[in-house]
Amino acid sequence: MARTTLTPELKKAILELPTKEKDKLLLRLLPSKRDLVKQLEFKLLEGGETTESRREELKKMIQKDLKTTSFYSPGYLLLDLRAYSGRITEHVKTTKDKLGEIELNFFMLNEAFDLFAEKLLAYKLHQSATLNEYVVQRTLKLLKLLSKMHEDYHLEFRDSMRSLGAHFDKNAGLKLEAKQAGLKLNWLLEGEVPETWEL
């Protein structure tokens, strides 16, 4: 549904409504805004103090789900990763957890490759192409997000970067896709966040 812009006159009229009437309107409108309801629950009911516990719960869910998933193909794994990405995005929208966005995505990618790297190697390049493209683009996004953060955070994610780099290094399809996308494998293997982007 397209977002409706409020005119300055309507904004003024709404602000001048009696509090009781505004409350009724708010309570009637909120149920149609799922993201906003989640944000309000986080801020008002949890005091905005459950970011880390929410992050840990999401990590456990991803880990448990991946471990109990039967591996069918790169395509099915891609569907799972996209579903987890959606959950991570929802978490970030709700909590504004920028650090968690990076941590959870690295965790998701490393966990998937820890479990399924060997099985993925059995597939031909064209069978894994879409998954490889997704993983490379997600990795580039993570490095770009990290490059905007203080250098201390770069150190915090060095091990995650190196683990992911090791997975790339063992997978010819991932290496090829990374090269084509301008993702230098050394960035990951050395745990270095690029300062400039030439993509």
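Q: Which residues gather in a patch of positive charge on the surface?
A: Lys-43, Lys-96, Lys-98, Lys-144 and Lys-148 gather there. Lys and Arg count as positive, and patches are made of residues with over 30% relative accessible area and no salt bridge, like charges being joined within 9 Å. A salt bridge is a side-chain nitrogen of Lys or Arg within 4 Å of a carboxyl oxygen of Asp or Glu. The model is predicted, with pLDDT of at least 70 needed for local features and 80 or more for side-chain atom pairs, while totals for chains, interfaces and linings use all residues. Residues are numbered from 1 along each chain, and side-chain values use heavy atoms, without hydrogens and water.

Q: Why is Lys-96 called exposed?
A: Exposed means over 50% relative accessible area (1.4 Å probe, protein chains only), buried under 20%, and partly exposed in between. Lys-96 has 52%, so Lys-96 is exposed. Lys-96 lies in the loop between α5 (74-95) and α6 (98-120).

Q: What makes Glu-103 count as buried?
A: Glu-103 has a relative accessibility of 15% and therefore counts as buried. Glu-103 lies in helix α6. Leaving aside neighbours within four places in sequence, Glu-103 is in contact (heavy atoms within 4.5 Å) with Arg-55, Glu-56, Lys-59 and Phe-157.

Q: Why is Leu-10 called partly exposed?
A: The relative accessible area of Leu-10 is 39%, so Leu-10 is partly exposed. Leu-10 is found in helix α1 (residues 8-15).

How values were computed. Patch = residues over 30% accessible without salt bridge, like charges linked within 9 Å, V, L, I, M, F, W, Y side chains within 5 Å. Areas by Shrake-Rupley, 256 points an atom, 1.4 Å probe, with all protein chains shown as cover. Charge placed at Lys NZ, Arg CZ, Asp CG, Glu CD. Helix = DSSP H or I, 4+ residues; strand = E, 2+ residues; numbered from the N terminus.
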